[in-house]
Amino acid sequence: MNITSDHAALAEKFNKDRARTQWHDETLWWVRAKRDNATTALQHWEEIREAGSSIKEHTLNHLPHYLLRFEKEARAKGVHVHWAFEGGDLNKIVLDITRSKNARLIVKSKSMLTEECKLNEHLEHHQIEVVDTDLGELIIQMRKEVPSHIVLPAIHLKKQEVSDLFNERLKSEPGNTDPQYLTREARKFLREKIRAADIAITGVNFGIAESGSIVICTNEGNADLGVHQTKVHIACMGIEKLIPSMNDLPVFLKLLARSATGQAITSYTSIYSGPAEGKEMHIILVDNGRSTHLADPVFRSSLKCIRCGACMNTCPVYRRSGGHSYRYHVAGPIGSILAPHVDKNKYSDLPFASTLCGSCSNVCPVKINIHEQLWHWRQRLTESGNVSTGKKLGIHFLNRVLSSTTLFRLGGAMLRWTLRHARFLVNSPKLNPWVKNREMPAAPGESFRDWYKKNVSQQ
Amino acid sequence: MTAKEKIFAAFGDNVTEPGNLSYAVPLQRCEDRTASFIETATRAGSECRQISSVDEVRVWVENAAPSGSIISKVAPVPGNLSHDFDDEFDFLVVRAATGIAENGSVWLDDALVPERKSLFFCKHLVIVLNEADIVTDLMEADIKSRSLKVGYGVLISGPSKTADIEQSLVMGAQGPISCHLFILRSGSL
């Protein structure tokens, strides 16, 4: 791993702009606060979380069965169902459909799965124009970036930057930074694209096994607009998105928007069961590593994730380091569990980008033990030699010290002496990165053990 | 091997019939369903009015835009636009099957809407809802039987919106700019 581009290095870069870092931190915390209001306004939140977790666990335990059921029911409704083992399979299927329709322009609503498989790049490479229709996604597509947040893709940007971008790309008024004005400009542009498009691609929030239906949640209505306006709908769906029955859907609708943005429900929750008359509908079921992930008992429950982003909004590290520091299209705590499954070497730093405070696990609507899984990853990555030598030696050294009373007491005494007489040794950020933004505390007069002996044990 | 075979091979070809899935979620309760619905719908950006006669909707639409283009599925409100429109139009007037107090959304589907895209090409969405059709909890809204009867069904709460630019809320991101809910009092015509 290149040390100049790991999470810590990129986070340090992000923090150079102090005002922006503070804005990022406060804005996401505000979203977290909205989530708290929404979840406490609802009765029985914990029971609903428990139900969401059980339904997902049950479905994952019987995933082959539910996938076959879903395929059968969707086919019976006239849907073309495709399977993709790897990301490349998804890209190929989409390109084949596009070519068979002689399509030139595709509109795509938000889909983290297509980010994962790099579908846009593939289509553009073959001279197919793809326009992301979610406003945040459009902004980052125009900037040739990846989303920094799965729900708020452009949360790392300020309105001035959007204004400059739209001025350059959409000929909007220079210097007009009014979000309503900028949104209207994007609306005009997108409406034209959607009206001219041949194919609409969407993601899927939930797949219903018993009926072969898919559920798509948006606030902008861009997914529906695209699907209803074009003749061909291609829905890209990770195999973990299934739930057994339509009766299970309300549980997740109660959880999703409240956890994501603090809304009681998104503006649109659309249920598609088969193609509209005279139209074509494709559903591509994508594995791309999920089946192997599922076979790993320590990490399988992270596949319960419904992509609400609550763990990011609450994470003190994410809020102060920005999504791009994670270098993966799903950032934050959940992304730090998912990314090493894709590339253990490249993303070995991510499970360490956490204080393990556990706030992520507390807000997770489907009760994934996120911080524990991060801790498990640290152990596994250290064992398999995927961490830097410095970190490895440090961990071994600490292990020795903390497992021996003698060494621990000696170490304590040495540290207290150093703090008193050779402070420069621990005060240099080069030797001790801990002091980069902090000061070492004053040395206590004695160890806790000595203090306890004197004051408590004699009573 | 096909992609499907590869996936199932990775599962270990382990296709077992699932046992029973059981969970219990207590229903939401509120003292006044209508008041609670109006509160959540308003928070989602809908403008709510309680009416005693559907004719009040006709009067409201006429006053709101005397020369506006209208597609209507509600009897006393006259439409003036054919259903094969190709561009934005002013008002879509429809009836919703049910409203949900818990989240302020209403259910619409193929049976209630002239053409699916009209829901998104109208500038102002006008929805008539019988007060008696308001339920408290989403689980009481019968989504399963409603959705399985149609190819497309949707829960709508408020206008199309976004906060993608610096978290500033903007109504009318891509679809309707406003959403008007007319709640027909129980016992009225």
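User: Leaving aside its neighbours within four places in sequence, which residues is Phe189(A) in contact with?
Analyst: Quick note before we dig in: this is a predicted model, where local features need pLDDT of at least 70, side-chain atom pairs count only at pLDDT 80 or more, and totals for chains, interfaces and linings use all residues. Residues are numbered from 1 along each chain as its sequence is written, chains are lettered from A and ligands numbered from 1 in the order in which they are written, and side-chain values use heavy atoms, with hydrogens and water left out. Contact here means heavy atoms within 4.5 Å. With neighbours within four places in sequence set aside, the partners of Phe189(A) are Val131(A), Leu138(A), Met142(A) and Leu170(A).

User: Okay, and is Phe189(A) buried, partly exposed or exposed?
Analyst: You'll find Phe189(A) in helix H10 (residues 179-196) of chain A; helices (H or I, at least four residues) are DSSP runs, numbered from the N terminus. Buried means under 20% relative accessible area, exposed over 50%, and partly exposed in between (1.4 Å probe, protein chains only). Phe189(A) has a relative accessible area of 24%, so it is partly exposed.

User: How many disulfides does a search of the whole structure find?
Analyst: A disulfide is a covalent bond between the sulfur atoms of two cysteines. The test used here is a pair of cysteine sulfur atoms within 2.5 Å. Over all chains, the number found is zero.

User: How far from Cys305(A) is the nearest cysteine sulfur?
Analyst: Cys305(A) is in no disulfide. The nearest cysteine sulfur belongs to Cys311(A), and the distance is 6.6 Å.

User: Is Cys305(A) buried or exposed?
Analyst: Go by the relative accessible area, which for Cys305(A) is 8%. That value falls under the 20% limit. So Cys305(A) counts as buried.

User: Which residue just after H4(A) takes a positive phi?
Analyst: Look just past the end of H4(A). The phi there is about 95°, and the residue is Gly78(A).

User: Is Phe397(A) buried or exposed?
Analyst: Phe397(A) sits in helix H19 of chain A. Its relative accessible area is 56%, so Phe397(A) is exposed.

Terms used: Helix = DSSP H or I, 4+ residues; strand = E, 2+ residues; numbered from the N terminus.
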